[in-house]
Amino acid sequence: MSLLILIAFLIVGGLIALFSERINEQLPRWVSLAITILALGYIWLFCRQLPIESFSVIPNPTDGSSWLIHLRLEWIPRFGIAFELAMDGLSLLLVVLTLLLGIIAISSSWVEIKFKPGLFQANVLWSLAGVIGVFLAMDLFLFFLFWEVMLIPMYLLIAIWGHEDKAYAAMKFFIFTQFSGLLMLLSIVTIAWQAAIINGSYSFSYFDLLGVPFDSSLAFWMMLGFFIAFTVKLPSFPFHTWLPDAHTQAPTAGSVLLAGILLKTGAYGLLRFCIPLFPEASMEFAPIAMALGAAGVIYGAVLAFAQTDFKRLVAYSSVSHMGFVLLGLYAWNNLALQGAVMQMVAHGVSTAALFMMAGALQHRLHTRDMNQMGGLWHNAPRMGACAMFFAVASLGLPGLGNFVAEFLVLVGLFAVQPWFAVIATLGLIGAAVYSLWMIQKTFQGEPNNELVMADFGVREMGTMAAMMIALIWLGLYPQPVLDLAQPVLDSLRVFLVASPQLGGVS
Amino acid sequence: MNLLWLIPMFPLLSAVLLIVTAGRLPKQLVAILGAGSVGAAAVCVALLANDFFADGQIRELTLWTWIALDNFTPGISFYVDGLTVVMMSVITGVGFLIHLYSLEFMADDESFSRYFAYMNLFVAAMLLLVMADNLLLLYLGWEGVGVCSYLLVGFWYRDPNNGKAARKAFVVTRVGDVAMALGLFLLFTELGTLDIQPLMAAANNQWQVGDTLPILATALLLGGAVGKSAQLPLQTWLPDAMAGPTPVSALIHAATMVTAGVYLIARTHELFLLAPPTMMAVAWVGLLTLLLAAFAALAQNDIKRILAYSTISQIGYMFLAMGVGAFSAGIFHLMTHAFFKALLFLAAGAIIHCLHHEHDILRMGGLRKRLPVVFASFLIGSAALAALPFTSGFYSKDAILLSAWLTADIGPILWLGGLLGALLTAIYSFRLVFIVFFGHANTEPDRQPGLKMSIPLILLCVLAAIGGWINIPLTEVFASPPSDHSLIAHSVEYIGIATPLLGLLIAYLLFLSRAMSIAKLTESTAGQAIQGFLRSGWRFDALYHYTLVWPFVGIARLCKNEPVDQIYNAIVCTLKWFHRRLIIVQNGELRWYATTMVFGIVIFVAMILRHSL
């Protein structure tokens, strides 16, 4: 029941935030912050009462009761649709990340939102609820429902509180996700129908559908439906074009949520559903997926360098970084998968920080154009130091989380597809080029006397410091995160072992 | 109790403190933290070295396991043998002197605290690099020093040129780092570990001398080494890196970081010994770089650029030594080079400091009497650099040349090349001394270096002069016995001793007594062209600009507006086109609706009829 309470809490919290605006304009952000922290505390309490060994037990992917927690309520029994939520180490990790970045998002737009703050905070909380639902839903029908639910508040965040081109960006975001989501719906229905032919009864439950021997030619198309939906979200080259627009136009909190967690739902979907449900089809498809990943790494890095808009640059760097996730997932050995999971967490933090930086700059300077910045270090050394930190994190400096992620992906990938590893490693040069270029254009150079701005205050500095500590921790002692994800990855890897292209070392 | 971890901890802690307090500490405290932390580390290293000389024990320490996944278990762990002790002594010893010097050199800088934060961070990263017991931790230090180098080269961030030099330094070395990372992937995939000692053992077990895999792996590691050590073809970043404060150049771009490539090869020498073709490549890279950079140094007029090219050239000697298997000699030269090149850079810094930031040697002159301490430093430093007899540089360079001579087949060629380099070294170093310190004065110094600058200079003078007699404990590290130089004909040794003296003589005739003149040559058109060619570092920058930078920027500009979006826009356009066509049909005219309806019915009926017939 805890999981249902968690999601319901966030949804109701959104309503409270919405109506609290009538009491006081300042109240919604406090409500929203309190709700998120309480939700986090709730998870912490829940985890504390679990025996410590349960985190290292390998969950049985076809039996929900072996997971940390499992909830199944019948919903539409005629079609085997149930309200089924379950959590294992991987989903726990992502749910915690979601709530933490939720706090960051709320903090990052603390003073930015003047128009209808209640509705804004409600949308933030509802999109958190949708994302958490995606990470927990184990019934494919319910999964699709949450997949769509998380889309709407984000659409509203962009369309209402976005910048100059918000209508276009929001529409583009919506159509890309919606269209690819429909492909996934087709796949989901086909899966249930095919499984019913084989098993004799309808079920949309993940636990029933795993390991069903689908007809191989049909499996390929079903896999493709999932793949496109998830890689649009990830986003992978060449489905990424909605992202720079959406990121650039979204309000800071929207960018933080979008980059920090919404993108991770795509990676999560691939890891949880797409590959385990269709192992053979995925295996055949792996070289293409990896080629897309490698192309994304390079293409994202080159285009990031070409940008003059701070937020667009960071958006393209996300495309590049998510390429590593795609590579890691389809390399499918332990190191690469752990790297991909690590990248979800580390990129979530580092990019959230960079978007917060972008928001802070825009709030102060009323522009995102880097050609109009320069020499900002002089006035705002604290902002400069933060920007420098997250820039070197994003270029993969060892000792910070992103390096651990990228190194694990690449070392795992090298054992499977050395040439893709070579191409992706070249992306590290590109990362250095665009990250340092960004710092040069904004904080270095001759100070412009017309651009006088306030440095970070306590709230912003505190938020930034928390993210820095998180990245250093992930970079120097990532083991807790690795240990949390390990049993889950072990359980998923059994669906696809010792295959020529996806086996690899270890 | 094993206190190894204290050594990198001191500077790291100080760096963190200085960063967190962000310049709010009083200057006095910053000075104590900044220089004191490195001094404390130096004291610890001295104690460690003392113990090490007594028992010769290898010391290991694991702080924690960094990552543990299957058999991928790199730790935050240290491995200290003779080689490490030598490197740590150089880093903390020379590093401390440079920090001390910086106290005065940077005293008036508004970012005094930021400077020491970066410098301390650098020392910590460099210590991690040499102390690491696995290649992943080594890579952490490797990239860490790279970032510190970037931060310090671009320290005076207001001038965009400094930022450009800093980015160039980072990106060019990153090209090498990518090769090195690939080498790490290959080594782990093939041998299943990145811990250096087990890795060497596994390589010796699984691979034969001359196998493809060790050649490939060492070639990739070599890529990293040439990037970091500014060797061909990635040497272009170092002369520009002189944009940073001069003590930075002394510490990072002379004494420590740029020699990391040499250290990497020495550390993994067992692997390199399995790959004779790579060893050959190392020797050739070293030889070509040392000649190319020595020629370039001859044509420079900026005092720091002369020293920068000289550094590239001297590291070329170290690579030559590595390539011919004379690892001890290479590390020995690394150490003596750290002494005399740090000395030269600090002395150059003193000149720049006292001469209103003047860099051009042609506008100096006659400083012998005006800056006596600096003159003495330069004299000793240049003598050691030119390898005049009984200076520290003489012993190390001599050992390298003799080892080169003994190499099979191409030994005499390598030796002759190295000798030519030594001749050029003597010429350019004394050209610098004669032009700057003799002749008539062009610029008057407005101050004298104080105690904090003089003491490091004097101590480094002593080291540069007698450092050649330090006995470094490397015999255990490099198992292969050092080549026996007693077999070499005495004539070879005599030529080696005489060459630098000949160079000194040439420099004297050209630049001091002016008995010989090359004015005619340098003023001719061809002479000018050659000078320009050499001054630009053989036009490597232009080459890379047109073959790499320009196409990259061009492609980026071309793609800036997202070509992939054209596909989606095309879909949208197609839909809109149909939309407009269909919209015509709905025009609200009854006549038109009736006509189309009749047409529709006719077609419908026709189809039914056709079907039923």
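## Fold of chain A

In chain A, 81% of the contacts with a separation of 6 or more are between residues 24 or more positions apart, where two residues are in contact if their C-beta atoms, placed from the backbone, lie within 7 Å. This is a predicted model, in which local features need pLDDT of at least 70 and side-chain atom pairs count only at pLDDT 80 or more, while totals for chains, interfaces and linings use all residues. Residues are numbered from 1 along each chain as its sequence is written, and chains are lettered from A and ligands numbered from 1 in the order in which they are written.

Chain A has 19 helices and two strands; helices (H or I, at least four residues) and strands (E, at least two) are DSSP runs, numbered from the N terminus. Its radius of gyration is 22 Å, close to the 23 Å that the globule rule gives for 506 residues, so chain A is as compact as a globular protein of that length. The radius is taken over C-alpha atoms, and the globule rule is 2.2 Å times the number of residues to the power 0.38. The C-alpha trace of chain A spans about 75 × 55 × 45 Å along its principal axes. Of the 506 residues in chain A, 63% are buried, a class that requires 20 or more other C-beta atoms within 10 Å of a residue's own, whereas exposed means 12 or fewer and partly exposed lies in between, with C-beta atoms placed from the backbone.

## Backbone exceptions

Most residues other than glycine have a negative phi, and most peptide bonds are trans. The bond from A:L234 to A:P235, however, is cis, with omega near -10 degrees, and A:F237 and A:P238 are also joined by a cis peptide bond, with omega about 0 degrees. A:P235 is placed in the loop between helix 9 (216-233) and helix 10 (242-249) of chain A, and the loop between helix 9 and helix 10 is also the place of A:P238.

A:H366, which is not a glycine, has a positive phi near 60 degrees. A:H366 is found in the loop between helix 14 (334-365) and helix 15 (381-394) of chain A, and is exposed because 8 other C-beta atoms lie within 10 Å.

## Where the chains meet

The contact takes 42 residues from chain A and 40 residues from chain B. On the side of chain B that touches chain A, helix 6 of chain B gives the most, with 14 residues.
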